[in-house]
Amino acid sequence: CLVSYTNVWYAKTKNKEESYFVIEHRGKTSYNRQLVDDLLYRCKDAKIIVSIYRKNGSDLVSGSIRGKPGYTINDIIAKGLEGLSGRGGGHPNGGGFAISKEDYKEFQRRVEEMSREKIGED
């Protein structure tokens, strides 16, 4: 498994003053929810964090997104998935998704664009 507290430390250190960032991991088990919750707590400047999981041999990419209070993300997931092969949902400040590998890059582009716009609304 490629997820460890070293990865969390690296993500926290690399993105120390970032408002938005993505951490990705692979392996047999997804730790998306745990990673985004932990990093949102540890990274005081983070407003929105995305954790991506790619299981070897799978045609899906899954992930979790968390936003600090005031940064709703369920609309980002819903709009990001429009017209693509995937599903997702959650509550205002947290949610998850699963999307086909073929559509992931477009979804990622949309989520990043909408997240950065939302953060810029401060």
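1. Accessible areas come from the Shrake-Rupley method with a 1.4 Å probe, and for residues only the protein chains shown count as cover. On that basis the accessible surface of the protein comes to about 7,000 Å², and carbon and sulfur atoms account for 48% of that area.

2. This is a predicted model, in which local features need pLDDT of at least 70 and side-chain atom pairs count only at pLDDT 80 or more, while totals for chains, interfaces and linings use all residues. Residues are numbered from 1 along each chain as its sequence is written, and side-chain values use heavy atoms, with hydrogens and water left out.

3. The protein has four helices and five strands, taken as DSSP runs (helices H or I, at least four residues; strands E, at least two) numbered from the N terminus. Their order from the N terminus is α-β-α-β-β-α-β-β-α.

4. Of the 122 residues, 42% are buried, meaning under 20% relative accessible area with a 1.4 Å probe, protein chains only. In helix 3 (residues 74–81) the buried residues are Ile-76, Ile-77, Gly-80 and Leu-81. They lie on the same side of helix 3 because they cover an arc of only 120 degrees around the axis, judged by the directions from the helix axis to the C-beta atoms.

5. Lys-118, found in helix 4, counts as buried at 15% relative accessibility. Its side chain forms a polar contact of 3.2 Å with that of Asp-75, where such a contact is a pair of N or O atoms within 3.5 Å, one able to donate a hydrogen and the other to accept it, and residues adjacent in sequence count only if both atoms are side-chain atoms.

Methods: Buried means under 20% relative accessible area, exposed over 50%, partly exposed in between (1.4 Å probe, protein chains only).
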